Amino acid sequence: MSANSVNTVAPPLSKWVAWLFDIYASGKPPVLGTVDVQEIEDKAREVLKDNPSAFAFVLKGAGTSGTYRENRRALEGWKLVPRMLNDVGERHLETTIFGVTYPAPIFVAPVGSQGLVHSEGELATARAAAKVGVPLIISSAASRSMEEIADAQGPNGHRWYQLYWTHSVALTQSLLGRAKACGCTALVVTLDTMLIGWRPYDHGTPYAPAGHGFGIQQGMSDPTFMARFGLGVRHERPPFPYVQDDIRRRAAEGDPAAQQAMFLGSKWVGEVASGIFRKWEELQFIRDNWDGPIVLKGILAPEDAEKALDLGIDGIIVSNHGGRQVDGSIGALDALDRVMQSSKIRQAQRTGKFSVLFDSGIRTGSDVLKALALGAQAVCIGRPFVYGLAIAGEAGVEQILMQMIADLHITMGLCGFCDVRDVVGVREKLITKIHE
């Protein structure tokens, strides 16, 4: 082979790797002081040491937290098998879902009550998502109104809305109308929270922010909900830190604001966690009232994924709610494996008729790569960005998103792939399962 056959042209530097190089060039650690995900979690615990219930609210899972642990066990049970001597110096992470191209296969998950860990709550997260360019899923349990979150993200931000299906038909219709009006292009219907799971920490404390007016801001900003009580719409920013005992004490002393917060909280919880278990045929109501893609979150069984497809649903998020709802559940990545063994789902995905996303347990770029290899087109990031938010607000969330994408960009290349589209569903060409 002649010298002319040897590549001597360095690939262009991506924005993701440039971010990492900038840390080295600065000579200083990043804003969170580390990029180690466990160290970041530990720092968040320390930052919230005077408000341990807020940290536990984020961290703890249902029951013994067995499903929370199983999510990590499932991810660690699948191993990457790097491939060598491929020309992957220039790599691409762009991902297209429902006709929209995003810079990376990363979404900000719909985590509720973010104001429990930082004074800016969801507004900081929205600004960080806009800076990085990743889509944001706005939670029904947010501590800021969807309109304020959309304003913080800006007109060019990509956002979806996550619905906790309310008891009232009129309220559901109002929420969907507002979500469309503030620029949400897809609807995520969470299926696994028809009632709140068995959460020993919350039950035993008892710790119930929503019941005390915190995390009900989508309700307080909704004209249909507030009109029931003769009240006007409020785009409220609840105080930080949230101190439940103070609210209860003030309510007992006759403080009308505290009493009203608890009253509205109880009414909102009755709407979003009513105990009504919806049926498949009721999804037609959602279709009739939402103009755009509909995604079902909480799917774990292949049969449920196929049922969603049969009913004309546009996509699913394979998820067990980060282990917060059912103790002893299957690890989410193992569920993704089972779902993607369905030839029916794979065919619909190939033709663009059906999209598959994933969440629950993602901590690193390697984790993202495993989910993509099993067939997910994108993943949602939850707890890690909340830890970043607790430590450093907007800048902390931005770092979490940037390091996740930089890690993915680097690891994908080291595994021999140059385009994320070539990774989706590649399965045994990249991963192998070690444990059963």
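Me: Which helix gives the most to the lining of the largest pocket?
Reply: This is a predicted model, where local features need pLDDT of at least 70 and side-chain atom pairs count only at pLDDT 80 or more, while totals for chains, interfaces and linings use all residues. Residues are numbered from 1 along each chain as its sequence is written, and side-chain values use heavy atoms, without hydrogens and water. With three residues, the one that gives the most is helix 12.

Me: What is the volume of the largest pocket?
Reply: A pocket is an open set of points on a 1 Å grid where a 1.4 Å probe fits, with protein on both sides within 12 Å along at least five of seven lines; lining residues have an atom within 4 Å of a point. Of the 46 lining residues, Phe57, Tyr164, Arg199, His321 and Arg324 lie nearest the centre. The lining divides into 22 nonpolar, 17 polar and seven charged residues. The volume is about 1000 Å³.

Me: Which strand gives the most to the lining of the second largest pocket?
Reply: This pocket has a volume of about 470 Å³. Leu191, Asp192, Thr193, Met194 and Gly298 are closest to its centre, out of 23 lining residues. Giving three residues, the top strand (E, at least two residues) is strand 8.

Me: Is Leu85 buried or exposed?
Reply: Leu85 sits in the loop between strand 1 (78-80) and strand 2 (95-97). It is not a glycine, yet its phi is positive, about 55 degrees. Buried means under 20% relative accessible area, exposed over 50%, partly exposed in between (1.4 Å probe, protein chains only). At 87% relative accessibility, Leu85 is therefore exposed.

Me: Is Ser360 buried or exposed?
Reply: Ser360 also has a positive phi, about 100 degrees, without being a glycine. Its loop runs between strand 10 (355-358) and helix 17 (365-374). Its relative accessibility is 6%, so Ser360 counts as buried.

Me: What is the omega of the peptide bond from Phe240 to Pro241?
Reply: Pro241 is in the loop between helix 10 (223-227) and helix 11 (244-252). The bond is cis, with omega near 0 degrees.

Notes: Points joined across faces, edges and corners; volume = space filled by probe spheres on them. Helix = DSSP H or I, 4+ residues; strand = E, 2+ residues; numbered from the N terminus. Nonpolar A, V, L, I, M, F, W, Y, C, P; charged D, E, K, R; others polar.
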